Amino acid sequence: MKGSQTIFRRSLRQSAALLAAALVPALLAAAWHPRRPSWSLADASAPGVTWAQVAGWREPALLVDARPATDYEARHIPGALPLSEPRWEAELPAIIQAWRPGRRVVVYCDDAGCGASQEVARRLRRELGVDEVF
């Protein structure tokens, strides 16, 4: 019986060591990987709005088209500015110039299944501190 307890304890220690060996790199990746999942409510999805709601706002919103440049050039909502992930640095200055504190921002793309608008909205909130992004 004493031998089986020793084997059990050794197995338990080895299991704990393996768990620690796997946990440390996983925590490091979760903390510093550039594509890590969001741990903050500030990075949560932007709330959706309908075009009817946007039309009813007292102040006009800044419209941001998150689609690829070719789609924007082919057709976009009049007055909307382009801002896509691949061209972020090139297109961001126009957004900064057009935005002012308190102005709502509506980011759109092709349809509800398109994640580009959520990614652009998250970056606007996180990197520029824009609170009212829809």
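Residues are described here as buried when their relative accessible area is under 20%, as exposed when it is over 50%, and as partly exposed in between, with a 1.4 Å probe and protein chains only. By this criterion Arg122, at 16% relative accessibility, counts as buried. The structure is a predicted model, in which local features need pLDDT of at least 70 and side-chain atom pairs count only at pLDDT 80 or more, whereas totals for chains, interfaces and linings use all residues. Residues are numbered from 1 along each chain as its sequence is written, and side-chain values use heavy atoms, with hydrogens and water left out.

Two strands are regarded as paired if DSSP finds at least two bridges between them. On this basis the model contains an open sheet of three strands, which pair in parallel in the order E2-E1-E3. Strand E2 (81-82) and strand E3 (105-108) form the edges, each pairing on one side only. Strand E1 (residues 62-65) runs parallel to E2 and is joined to E2 by two bridges, and Val64 stands opposite Leu81 in E2. Helix H5 (residues 116-128) packs on this sheet and touches E1 and E3, its direction making about 150 degrees with that of E3; contact means heavy atoms within 4.5 Å, and the angle, on a scale from 0 to 180 degrees, is taken between N-to-C directions of axes fitted to C-alpha atoms, for helices over the stretch in contact.

Nonpolar cores were defined as sets of buried Ala, Val, Leu, Ile, Met, Phe, Trp, Tyr and Cys residues joined through side-chain atoms within 4.5 Å. In soluble globular proteins, nonpolar side chains tend to be buried together. The largest core comprises 15 residues, of which Val64, Leu83, Val105, Val107, Val120 and Leu124 touch the most other members. At least two residues of this core are supplied by each of E1, helix H4 (88-98), E3 and H5. Another core, of eight residues, lies apart from it and includes Val54, Trp57, Ala61 and Leu63.

Individual residues illustrate the contacts made in this region. When residues up to four places away in sequence are not counted, Val107 touches Val64, Ala66, Ser117, Val120, Ala121, Leu124, Val133 and Phe134. Ser117, which is found in helix H5, is buried with a relative accessible area of 13%; leaving aside neighbours within four places in sequence, Ser117 is in contact with Ala66, Val107, Tyr108 and Cys109. Trp88 lies in helix H4 and is buried, with a relative accessible area of 2%. With its neighbours within four places in sequence again left aside, Trp88 is in contact with Leu83, Val120, Arg123, Leu124 and Glu127.

With a disulfide taken as a pair of cysteine sulfur atoms within 2.5 Å, the count comes to one disulfide. Cys109 is joined to Cys114, with an S to S distance of 2.4 Å. The torsion about this S-S bond is about -135 degrees, so the disulfide is left-handed. Cys109 counts as buried at 12% relative accessibility.

A salt bridge was assigned where a side-chain nitrogen of Lys or Arg lies within 4 Å of a carboxyl oxygen of Asp or Glu, and a search of the whole structure finds nine of them. One of these joins the side chains of Arg123 and Glu85 (3.1 Å, N to O), linking distant parts of the chain, since Arg123 belongs to helix H5 and Glu85, 38 residues apart from it, to the loop between E2 and H4. Arg123 is buried, with a relative accessible area of 15%, whereas Glu85 is partly exposed at 30%. The side chain of Arg123 also meets that of Glu127 in a salt bridge (2.9 Å, N to O); both residues lie in helix H5, four residues apart, about one turn of the helix, and Glu127 counts as partly exposed at 41% relative accessibility. Glu85, Arg123, Arg126 and Glu127 are linked in a network of salt bridges. Also in helix H5, Glu119 and Arg122 are three residues apart and therefore separated by about one helical turn. Their closest N and O atoms are 2.5 Å apart in a salt bridge, and Glu119 counts as partly exposed at 35% relative accessibility.
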